[in-house]
Amino acid sequence: MGLIAAFGAPIFLPFMTTQIAFLWMMVVFALCWDIMGGQMGYNSFGNIFFFGIGAYVCAVIQRDSGLDWYVAFFLGFGAAAILGVLCAAILGAGILGLRGQYFAICTLGLGIAGGEIASGWDYIGAGSGLSPPLFPGALGMREMFFNYLFLTLALVCFFTLKRVYSGRFGLAINAIRDDEDKAEAMGLRTTRYKIVAWCISAFFVAMCGAAAGNMIGFIDPRDVAFAGVTFGVWMVLMAILGGKGTLWGPVLGALVFHITQELFWTYLLGWQRVALGLLIVVIVVFFPTGILGWLRERRTMSTSGGSEQ
Amino acid sequence: MSSQFKVFLTALVAIAVAAGGYFYLQGAKKDTDTIVLGAAISLTGKYSTNGSHTKNGYDLAVLKINANGGVKVGDRSYKIKIIYYDDESTPARGAQLAERLIKQDGVKYMLGPYSSGLTKAIAPVTEKYKVPMVEGNGASLSLFKKGYKHLFAVLSTTQFYLKEAVNLAATQAKLAGIDPKTLKVALAFENDPFSQDVRAGVVEDAKRYGMQIVVDDKLPPDLNDMSVTLTKVKALKPDVLIVSGHAKGAALAVRQIADMKVNVPMLALTHCDSAKVIKKFKAKSEYTLCASQWDRGLSYKDSLFGSAEDFALLYEKTYKYSPPYQSAESAASVQVFADAFQRAGTLDPAKVRDALTTTKMQTFYGNIKFDASGKNIAKPMVLYQIQGGKYKVVAPLKWAGAKIVHPTPSWDKR
Amino acid sequence: MEGLSIFIEQPVRLLQIIVDGILVGSVFALSAYGLALVWGVMKIINIAQGEFVMLGGYVAILIADAGYSPLLGVPLAAMILFCVGWVLYRLVIFRVVDRDLFISILATFGLSILLQQLANQVFGADVRTAESGLVTMSFLDGNITISQIKLLSFFLAFALGGGLWLFLRSSQLGQAIRATAQNARAARIMGIDTNSVYAVTYGLNAAICGAAGALVAMTWVIHPYLGLTYTVRSFMIVVVAGLGNLMGVILAGLGLGTAENIAGFVLGAEYQAAFVFSLLVVILVWRNWRLGLQRRYLK
């Protein structure tokens with residue numbers, strides 16, 4: 001039933017297509033962050049780095065290949081994913097050795113450094129940014145296209161993760177979260193799993209970047225591509241809001257966060273960012289286990305021995 | 001999944017749908033005797049100060065037009081109304097908002113946002129939906145190289161901003177019997193779309209004269225300190241130093257050039273007025289050249305506001321501060337629309353767009369005539385020099401009210 | 001890379017860059033002291049560090065607007081920000097003290113956004129400055145300039161550092177703070193009200209940052225969004241110096257300022273910020289590698 005609502009949404013609410021497209025993107029963000037933060041215990045503030053890479057790779061291919069728009073875009077889309085994974089593998093080898101807060105802040109630095117370096121590189125437009133070629137299609141087609149693209153991405157991501165978590169991989173990364181040293185002592189090749197987890201994150205996030213760059217129409221190195229202080233942190237919040245470490249938590253968190261943000265934005269004109277800061281503090285301080293966690297606690301309190309699923 | 005959870009999720013989706021429905025209904029309301037213009041403005045974020053200047057300019061024009069009986073289209077009079085959204089100074093938001101205004105709020109004519117970056121994000125949207133947009137705050141030349149047919153800008157585009165400074169340096173050199181080719185130019189521009197475009201215009205002119213560019217620094221937007229660049233300037237002793245980095249760049253430049261006692265014969269900046277350099281730095285800001293789109297002392301006039309000075313007085317009375325050029329060009333944007341509506345005689349966006357292409361008018365802000373790409377080719381930029389704590393127009397020579405003091409005396413003589 | 005050739009031809013410029021680097025580094029060190037304290041004592045990484053600096057700057061600006069010398073802003077900002085920090089502790093921070101470090105990062109991040117946006121609403125996004133009235137001294141025929149306000153920051157950094165060290169060593173409250181840092185539970189058993197200790201520590205952190213901010217207002221510019229710059233640099237300095245090592249903080253601060261300036265001069269200003277953030281990544285990876293060597297030895 002939910003799927004029907006999801007597919008039908010842009011038809012019933014045509015003027016909100018872009019916002020809905022962003023919603024699916026946020027779902028992917030939250031899910032991908034959760035692999036690292038919720039399931040594996042490695043809180044990353046820098047996943048946005050792959051978003052930026054994806055956005056630029058795709059736009060550059062679109063600009064330089066001279067091919068038909070759709071061909072160039074999907075080529076760029078794929079290249080974005082590949083490059084994202086490559087970066088995750090290379091960077092991961094160096095950075096995933098860091099623990100806890102050091103990892104978190106290191107990735108924050110990474111995310112912001114990405115923006116700074118991008119704005120100095122003339123080939124990709126430096127500070128003036130880069131505009132991918134315009135979508136060739138009728139009125140309203142562009143939003144529809146990207147909306148369904150993001151929706152597909154979100155669904156693929158969700159089901160991939162569902163599959164992956166229920167297998168050995170899921171157990172392995174949870175073990176890393178619960179006690180990495182013991183896991184390693186027991187013979188688990190933690191480094192390998194850590195890198196794979198980050199690569200999975202990077203894969204989906206980079207594709208989001210490729211699509212988003214085209215949907216927004218203009219890639220600014222600091223405000224769009226490597227938007228560390230906005231998207232980069234929101235993906236963390238959404239997962240925590242919904243309940244990190246679960247499959248539905250990030251989805252729920254993305255939904256609630258995005259809708260709340262849009263509402264703040266419309267009704268608290270000028271003060272929406274202040275409200276956002278307040279919201280962050282409230283979520284983190286009072287609901288660290290997220291909505292799902294809170295619900296779970298309520299249920300175990302009211303019905304003794306209740307089972308879920 | 002437990003059934004309780006399913007209920008919760010359904011409730012959430014229901015809320016989302018309800019919210020969507022509410023927004024839809026909002027858009028369905030329409031006023032019949034009003035022309036609605038849409039605008040995404042930076043009310044928060046790094047451009048919020050200029051965003052509010054822009055909004056004030058729009059509002060004042062609407063106020064005056066409505067007070068004078070509104071806009072006459074055919075045989076009916078219409079009042080003007082503007083719907084605003086906050087783009088938070090981010091391009092992604094701006095594009096989303098443009099779409100929202102056009103599709104959800106049913107806006108058929110758009111007023112521009114503040115800054116080139118935001119205009120760059122919004123222009124593709126308005127172009128796609130064939131919604132004419134008149135803007136006064138996106139000066140980037142690259143906007144007009146894309147073949148947009150629905151974009152019109154009343155302001156002078158970026159390449160003109162500091163061209164006058166380069167020309168002035170060349171003229172002064174020739175007067176002193178020096179070949180402009182031997183002049184050394186130092187550039188310090190913030191690394192963002194607007195400032196980089198201004199740089200492109202300056203570089204083009206400098207190359208035309210054969211001048212040598214000895215320093216070419218791109219300052220990161222979050223940088224709070226220009227001392228590294230200025231040390232280079234002291235080392236290489238250029239004849240001209242040109243800085244553009246919005247208000248922060250102007251403030252830092254004036255302050256640190258004085259602090260470090262950097263002696264440059266000519267210093268040219270943008271955004272002196274929005275950085276309030278005279279008020280903040282007093283004597284230290286003396287002799288600085290400042291680019292401006294408009295000055296209240298120029299002798300333009302129109303039938304709505306009167307002269308430039310009249311506009312400035314009205315603005316001061318309404319908002320209690322002197323209008324920067326951002327407000328003036330925003331007000332002029334609304335005037336251009338009003339004029340186009342009247343000449344088109346209809347509210348059909350396509351006909352209004354056609355009327356816009358044939359605009360030829362003088363406003364208190366300046367002359368307005370659009371070329372095929374939509375930029376205003378009838379209005380030159382103005383160059384001030386700060387003399388005796390006041391802005392004096394020194395270029396173009398036709399409008400100059402004072403003579404430039406050049407070369408700037410060194411710091412130990414001040 | 002014309003910067004390198006300038007250094008070789010005109011070594012006096014290198015001297016100026018180093019001098020400037022040391023002076024700006026002392027302001028970074030000031031904003032890092034508090035972080036070293038808060039991190040060491042309360043095990044919290046305060047992302048809102050830069051926002052305290054920013055608020056301190058606005059205090060100085062308001063004083064200047066009211067017609068008084070903004071130099072008064074330095075002690076006044078310290079006092080006002082102490083109260084702000086203390087109140088924030090009592091309202092928000094105390095809830096995240098005993099929890100996961102990551103929670104404290106997120107919570108203080110939320111605070112930083114809140115403070116930043118509030119400042120934007122109240123003061124506007126305009127850059128503001130305050131005039132200290134101090135002059136610039138020049139040497140070597142104007143080739144080396146040192147503004148007195150920067151010199152003041154330099155001395156203040158050392159004075160405050162020394163004062164802090166003395167305070168922690170000798171005063172009763174200072175000893176309570178150190179005891180809590182070493183072992184909070186034991187301190188509580190010994191009768192120390194750790195909650196109050198934490199509140200004072202957080203307030204002290206805000207106070208030092210506030211003083212730094214007042215100096216920034218008189219030296220450069222203040223705007224609502226300059227917080228992140230100082231937060232990141234404070235973090236880098238503390239990581240390099242090590243928690244609780246106050247002498248290390250000032251040295252790391254001076255080093256960072258100088259490195260940043262030299263990088264900006266040689267690589268070009270556009271890479272100056274990229275250099276800093278990349279350096280952060282490099283420092284952390286290098287540090288981890290060093291620890292990894294130790295770990296391997298133990299295995």
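In this predicted model, A:Ala30 touches A:Met235, A:Met238, A:Ala239, A:Gly242, A:Pro250, A:Val251, A:Gly253 and A:Ala254, leaving out residues up to four places away in sequence; two residues are in contact if their C-beta atoms, placed from the backbone, lie within 7 Å. Residues are numbered from 1 along each chain as its sequence is written, while chains are lettered from A and ligands numbered from 1 in the order in which they are written. Because the model is predicted, local features need pLDDT of at least 70 and side-chain atom pairs count only at pLDDT 80 or more, whereas totals for chains, interfaces and linings use all residues.

**Nonpolar core**

- A:Ala30 is also among the residues with the most contacts inside the largest nonpolar core, which has 357 residues, and the others named are A:Val28, A:Phe29, A:Ala206, A:Met238 and C:Ile237; such a core is a set of buried Ala, Val, Leu, Ile, Met, Phe, Trp, Tyr and Cys residues joined through C-beta atoms within 7 Å.
- Domain 1 (33–156 + 302–369) and domain 2 (160–292 + 382–413) of chain B both give residues to this core, so the core lies between them, the domain bounds coming from an automatic or database domain assignment.

**Chain B overall**

- Chain B has 13 helices and 17 strands, where helices (H or I, at least four residues) and strands (E, at least two) are DSSP runs numbered from the N terminus.
- Of its 414 residues, 59% count as buried, meaning that 20 or more other C-beta atoms lie within 10 Å of a residue's own, with C-beta atoms placed from the backbone; a residue is exposed at 12 or fewer and partly exposed in between.
- Among contacts in chain B between residues at least 6 apart in sequence, 68% join residues at least 24 apart.

**Helix H2 of chain C**

- Helix H2 (residues 11–42) of chain C has 32 residues and reaches 45 Å from its first C-alpha to its last, close to the expected 46 Å, which is 1.5 Å times one less than its number of residues.
- H2(C) bends by about 25 degrees at C:Ser31, the bend being the angle between axes fitted to the seven residues ending there and the seven starting there.
- Of the 32 residues of H2(C), 26 are buried, and the helix is followed by C:Lys43, whose phi is positive, near 55 degrees.

**C:Cys209**

- C:Cys209 is found in helix H9 (residues 194–219) of chain C, and it counts as buried because it has 36 C-beta neighbours inside 10 Å.
- Beyond its neighbours within four places in sequence, C:Cys209 is in contact with C:Ser31, C:Gly34, C:Gln49, C:Phe52, C:Val53, C:Gly56 and C:Leu81.
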